[in-house]
Amino acid sequence: MITEDELQSFRTVADDLADSVYEKLQSEGSERLHSNEIVTLIRTRADEERTAGRPDGLFARFVDETFTVPGWVDFGLIEEGQKFYTRLLGIGGVVLTCASLVMSYGASNGAQVLIKTGRFTNDVIERIAETTQFVVSLMDKDGLRPGQRGHLTTLQIRLLHSAVRRHLRNMPGTDWERHGTPINQEDLAGTFCVFCPVVVLGVEKLGVTVSQREKEGYFMLWRYVGYLIGIRDRLLPKTYADAVELAFVIRAHQWDATPHSAHLVRHLLDAVSRRFRWFGGTPGYLRAVTRYLIDDADVDPAETNPRSLRYSFANSLELPPTPLLHKLTLGMLFLRCKTLSLMHEWVPFAASLSSRLGLLQLKLV
């Protein structure tokens, strides 16, 4: 098991290969540096290096790493993970918003990147839309095969991380020595966790039955995404159980909610409520869902240690107690999830139909 001391050491480690590729293109003044064609440009430069007898050149190494599929990748299993997520019919999006994003706001060191770039407040709906489109690209069948949309989008995000690191390192006013390198390895691993085990645990808590095969497939999908986005092998879990363990260790190491964190959560839930009324209706309802997802049932309001299972993350984010009305609507959400699971188990073709409808729903958001 990885220790908190190891995690701390990874806060100074970024992504040397991608950063070097970006710096090289930046120094050459490439016009396609900030376009969707950046991966095509890198592949062209890699071909030029190989033609010149430099198969170990910078661009060739990046292409070799990201276009050579590791032996552990199982695309059949990944397809099972894609079907699992899409047949949730939006429930996965509820968990991503009310648990995954909210928990990332409480990681005060890693959250500095979004605070400094304004993505927490100024562009929250645009950020959600971009995240949704990223998820859509991953959920298309074969979308993660080399050269396909999900694969290319993941690499574009990896290079965008390099651009953000370069920008923030030159921005005055932030103590990066204290907070760690922008978008460092622990932050990348934490992002993997909120997209993978946090989602599975969240939908299970809402009443969805998740088979071991579905867990393994969904984990395989995100493990490959984590590899493509540059997470070091030591921080990339080998099994779903390892991923759950990593999530809890990172949470213990990183959680440090501040009044600013609480403000950001309120802003997020208010914005989602206004923009996507079909999603949940009111900010109060979304806060109720959030409190239910991020806290255990037996939390102790007096507990101050985030490492304790009785610690209330909801209280640290200043989420109000859930009133009776929202408890009832939360019960309706649980009933919906249970009914969906039973339909998938007992009604012929229901799971397949839900998967198709879910993918369509994602594309229409």
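**Figure 1. The buried face of helix α20.** In α20, the buried residues are A350, A351, S354, S355, G358, L359 and L362. Buried means under 20% relative accessible area, exposed means over 50%, and partly exposed lies in between (1.4 Å probe, protein chains only). Seen down the axis of α20, these buried residues fall within an arc of 160 degrees, so they line one face of the helix. The arc is taken from the directions that run from the helix axis to the C-beta atoms. R356 and L364 are exposed on the other side of α20. The helix covers residues 350-364, 15 residues in total. From first C-alpha to last, α20 reaches 21 Å, close to the 21 Å expected at 1.5 Å a residue. The expected span is 1.5 Å times one less than the number of residues. The buried residues of α20 pack against α5 (75-86), α8 and α19 (324-346).

*Notes for all views.* This is a predicted model, in which local features need pLDDT of at least 70 and side-chain atom pairs count only at pLDDT 80 or more, while totals for chains, interfaces and linings use all residues. Residues are numbered from 1 along each chain as its sequence is written, and side-chain values use heavy atoms, with hydrogens and water left out. Helices (H or I, at least four residues) and strands (E, at least two) are DSSP runs, numbered from the N terminus.

**Figure 2. Confidence along the protein chain.** pLDDT is the predictor's confidence in each residue, from 0 to 100. The protein chain has a mean pLDDT of 88, and 91% of its residues reach 70 or more. Among its elements, helix α13 (residues 212-228) has the highest mean, 98. Helix α16 (residues 277-280) has the lowest, 58. Where pLDDT is low, the predicted coordinates should not be read in detail.

**Figure 3. Helix α5 and its cover.** α5 has twelve residues. The helix reaches 16 Å from its first C-alpha to its last, close to the 16 Å expected at 1.5 Å a residue. Its buried residues are F75, L77, I78, G81, Q82, F84, Y85 and T86. What covers them includes α6 (91-105), α8, α12 (197-205), α13 and α20. R145 lies over the face of F75, 4.2 Å from the ring centre. A charge sits over a ring if NZ of Lys or CZ of Arg is within 6 Å of the ring centre and within 35 degrees of the ring normal.

Figure 4. A search of the whole structure finds twelve aromatic pairs. F134 and W222 form one that is edge-to-face, at 6.1 Å centre to centre with 75 degrees between the planes. Rings of Phe, Tyr and Trp (its six-membered ring) pair if their centres lie within 6.5 Å; planes under 30 degrees apart count as stacked, over 60 as edge-to-face and the rest as tilted. F134 lies in helix α8 (residues 124-139) and W222 in helix α13, so the pair ties together parts that are 88 residues apart in sequence. Both F134 and W222 are buried. Ring pairs link F84, Y85, F134, F195, Y218 and W222 into a cluster.

**Figure 5. The ring pair Y224 and Y227 in helix α13.** The ring centres of Y224 and Y227 are 6.3 Å apart and their planes are at 15 degrees, so the pair is stacked. Y224 and Y227 are three residues apart in helix α13, and about one helical turn separates them. Y224 is buried, at 0% relative accessible area. Y227 is partly exposed, at 22%.

**Figure 6. T68 in the loop between α4 and α5.** T68 lies in the loop between α4 (58-67) and α5. T68 is partly exposed, at 47% relative accessibility. Not counting residues up to four places away in sequence, T68 touches V63 and Y227. Contact means heavy atoms within 4.5 Å. The C-alpha atoms of T68 and R145 are 9.9 Å apart, across 77 residues along the chain.

**Figure 7. Surroundings of D295 and K205.** D295 is in the loop between α17 (283-294) and α18 (313-316). D295 is buried, at 4% relative accessibility. Leaving aside neighbours within four places in sequence, D295 contacts K205, Y311, S312, F313, A314 and N315. The charged end of K205 sits over the ring of Y292, 5.1 Å from its centre.

Figure 8. Most residues other than glycine have a negative phi. L89 has a positive phi near 55 degrees, and is found in the loop between α5 and α6. I183 has a positive phi of about 50 degrees. I183 is in the loop between α10 (176-179) and α11 (185-195). I183 is buried, with a relative accessible area of 11%.
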